[in-house]
Amino acid sequence: MEPTNTVLLPTTVVGSYSVPEWLERLKTEYYQRRISAQHLTEIHEVAIKAAVKDQELAGIDIVSDGELRRDNDVDYFLARIPGVHIPQRAKTDYFDYYEAEVTRPLPELPEGNKGLGLADDFRFTRRLTEKPIKFSFTGPFSLSRRIRDDAYEEPGELVRALARRLNAEARELAEAGAGLLQIDEPFLAGYPEQVELAIEAVNIVTGDVPVSWALHVCYGNRYARPSWEGHYDFLFPAVKAARVDQVVLEFARKGLDDLRLIRQHGWDKWLGLGVIDVKNPEVEAAELVASRIRRALEYVPAGRLMINPDCGLRHLAPEVARQKLRAMVAGVALVRAELGGGETA
């Protein structure tokens, strides 16, 4: 599973990184039209450089850009997808969701379409680090939940249309050199009865894109609170049909009971194991992280286990995020030493 198979128990992040208070303030200033788009772009680039450096200094093996250009997990994409209409783009606060609508079927991707700009985002990050990069984007099912659909007779058609657009974007990312792409479906836990549609759409996104694919399913992380509660039973066995190399799930906050599903359903691919609770500012001890990994090793071989926080670090204070990543890396080091080294077979 290139580019993740050179280290035993590789560490990574889910995607988003801590948003400092000054960046929150400046994003809102932009939406109040007090600073220019160019000024905000320069601010984002400074913040991304710092986020990547923080991850490197913490010892993370596979880094991200921290998703710091994105207001939230939806708007960055909807604002760029042709055919999605956003009547009012001003916001009281940058984290507010746009009110988006689709009044006619989304246009299919024309020749020469410049895409949504995600490949450029990846190229910027690629210049900052020698580490492998995980690049994530919100999946078509979750995006569809934030659109008023007046165009399609059957709701699944909007999800499929969004998936086709994201597939084209994934192709551009692969051509730009991305090796690990992740689809985030943060809304899926709220609509468990639609899991088959969501997985069908995931397979449209990943189709014929030669990268390693991860699928992240959580219970929401808006304002550092879960949107839903429950267990991952709804995800299985449907997720076994997903053409992905890895599922990335939260376990630190919810507990490790759902590991039983991995064995029960014979999940034989990689598992991204959430070992850091991003909804609690208390920093985990390295030994607690190690104990969670040891428990997971009863269900998943070390050669198919990746270690990450439960979800994005967006809502944690910067110093807390740094400490939590260091604790995660230290916990992994304890288990690597017990297993006898850092390299995979």
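This is a predicted model: local features need pLDDT of at least 70, side-chain atom pairs count only at pLDDT 80 or more; totals for chains, interfaces and linings use all residues.
Six strands build an open sheet, arranged in the order β2-β4-β5-β6-β7-β8, and their pairing is parallel. The edge positions are taken by β2 (134-138) and β8 (305-308); each has a single partner strand, so one side of each is left without a neighbour in the sheet. From one strand to the next, the twist averages 25 degrees.

In general, two packed helices are described by the angle between their axes and the distance between the axes. For α6 (residues 155-175) and α7 (residues 195-206), the angle is about 25 degrees and the axes lie 7 Å apart. That angle makes α6 roughly parallel to α7. Their crossing is right-handed. On the α6 side, the contact is made by Gly156, Val159, Arg160, Ala163, Arg164, Leu166, Asn167 and Ala170. The α7 side contributes Leu197, Glu200, Ala201, Ile204, Val205 and Thr206. Sorted by class, the residues in this contact are eight nonpolar, three polar and three charged.

The axes of α4 and α6 come within 8 Å and cross at roughly 30 degrees. The two helices are therefore roughly parallel to each other, and their crossing is right-handed. Here Leu118, Ala119 and Phe122 of α4 meet Glu169, Glu172 and Leu173 of α6. By class, this contact has four nonpolar and two charged residues, with no polar ones.

Side chains of opposite charge can pair when their charged atoms come close. The model has a count of 23 salt bridges. One of them pairs Glu108 with Arg164, with the closest N and O atoms 3.2 Å apart. Glu108 sits in the loop between β1 (100-102) and α4 (118-126), whereas Arg164 belongs to helix α6, so the pair ties together parts that are 56 residues apart in sequence. Arg164 is also among the α6 residues that make the contact with α7.

Two points of backbone geometry complete the description. Most residues other than glycine have a negative phi, and most peptide bonds are trans. Against that background, Arg33 has a positive phi of about 65 degrees although it is not a glycine. Arg33 is found in the loop between α1 (21-31) and α2 (37-58). The other point is the peptide bond joining Phe236 and Pro237, which is cis, with omega about 0 degrees.

Note on methods: Residues are numbered from 1 along each chain as its sequence is written. Side-chain values use heavy atoms; hydrogens and water are left out. Axes are lines fitted to C-alpha atoms, for helices over the stretch in contact, and angles run from 0 to 180 degrees between N-to-C directions. Helices (H or I, at least four residues) and strands (E, at least two) are DSSP runs, numbered from the N terminus. Angles under 35 degrees count as roughly parallel, over 145 as roughly antiparallel, 65 to 115 as roughly perpendicular and the rest as oblique. A crossing is left-handed if the near helix is turned anticlockwise from the far one by less than a right angle, and right-handed if clockwise. Contact means heavy atoms within 4.5 Å. Ala, Val, Leu, Ile, Met, Phe, Trp, Tyr, Cys and Pro count as nonpolar, Asp, Glu, Lys and Arg as charged, and the others, Gly among them, as polar. Two strands pair if DSSP finds at least two bridges between them. A salt bridge is a side-chain nitrogen of Lys or Arg within 4 Å of a carboxyl oxygen of Asp or Glu.
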